[in-house]
Amino acid sequence: ILIALEGGSAADGALGIAVCCRGFSTFAAKPLINLHDLFVTKSARGHDLGRALLDAVAQKARAIGACKVTLEIQSKNLRARGIYAAAGFEQAVYGEAAGEVLFLTKPV
């Protein structure tokens, strides 16, 4: 968990958070980081705090030798998609012949 603190102190309050989970890529045989949640308070939006959190996640991924950072996003969340695209995220493709990666879920 990465937390952006106002004034750099927990006493001042949090402005944003990135909640991540470590995983493992069987394709690359290396660790990965999955960005599970990214949140920036309304008062802090528009000041590149989300980008700073994404950069910090990428820095942590490099530090552990991860091959990538992954995330899920709803297709209609255009604002967030723009933020992620500006940070270098794109639709996953493991091989041209296989096509784009799809995310599937099954309720239990």
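**View 1. The largest pocket of the predicted model.** The largest pocket holds about 1000 Å³ of space. A pocket is an open set of points, on a 1 Å grid over the protein atoms alone, where a 1.4 Å probe fits and protein lies on both sides within 12 Å along at least five of seven lines; lining residues have an atom within 4 Å of a point. Grid points are joined across faces, edges and corners, and the volume is the space filled by probe spheres set on the points. The model is predicted: local features need pLDDT of at least 70 and side-chain atom pairs count only at pLDDT 80 or more, while totals for chains, interfaces and linings use all residues. Residues are numbered from 1 along each chain as its sequence is written, and side-chain values use heavy atoms, with hydrogens and water left out.

**View 2. The lining of the largest pocket.** Of the 28 lining residues, L71, E72, E90, Q91 and A92 lie nearest the centre of the largest pocket. At least two lining residues come from each of β2 (14-25), β3 (30-40), β4 (69-71) and α2 (78-86). Helices (H or I, at least four residues) and strands (E, at least two) are DSSP runs numbered from the N terminus. The lining comprises 15 nonpolar, eight polar and five charged residues. Here Ala, Val, Leu, Ile, Met, Phe, Trp, Tyr, Cys and Pro count as nonpolar, Asp, Glu, Lys and Arg as charged, and the others, Gly among them, as polar.

**View 3. The second largest pocket.** The volume of the second largest pocket is about 570 Å³. Its lining has 25 residues, and L38, V40, A80, I83 and Y84 are the closest to its centre. Two or more lining residues are given by each of β3, α1 (49-63) and α2. The greatest contribution to this lining is that of β3, with six residues.

**View 4. The four-stranded sheet.** The strands form an open sheet in the order β1-β2-β3-β4, with mixed pairing; two strands pair if DSSP finds at least two bridges between them. The edge strands, β1 (2-5) and β4, each pair on one side only. Four bridges join β1 and β2 in the antiparallel sense, and A4 stands opposite G16 in β2.

**View 5. Helix α1 on the sheet.** Helix α1 packs on the sheet and touches β1, β2, β3 and β4, where contact means heavy atoms within 4.5 Å. The direction of α1 makes about 165° with that of β3. Axes are lines fitted to C-alpha atoms, for helices over the stretch in contact, and angles run from 0 to 180 degrees between N-to-C directions.
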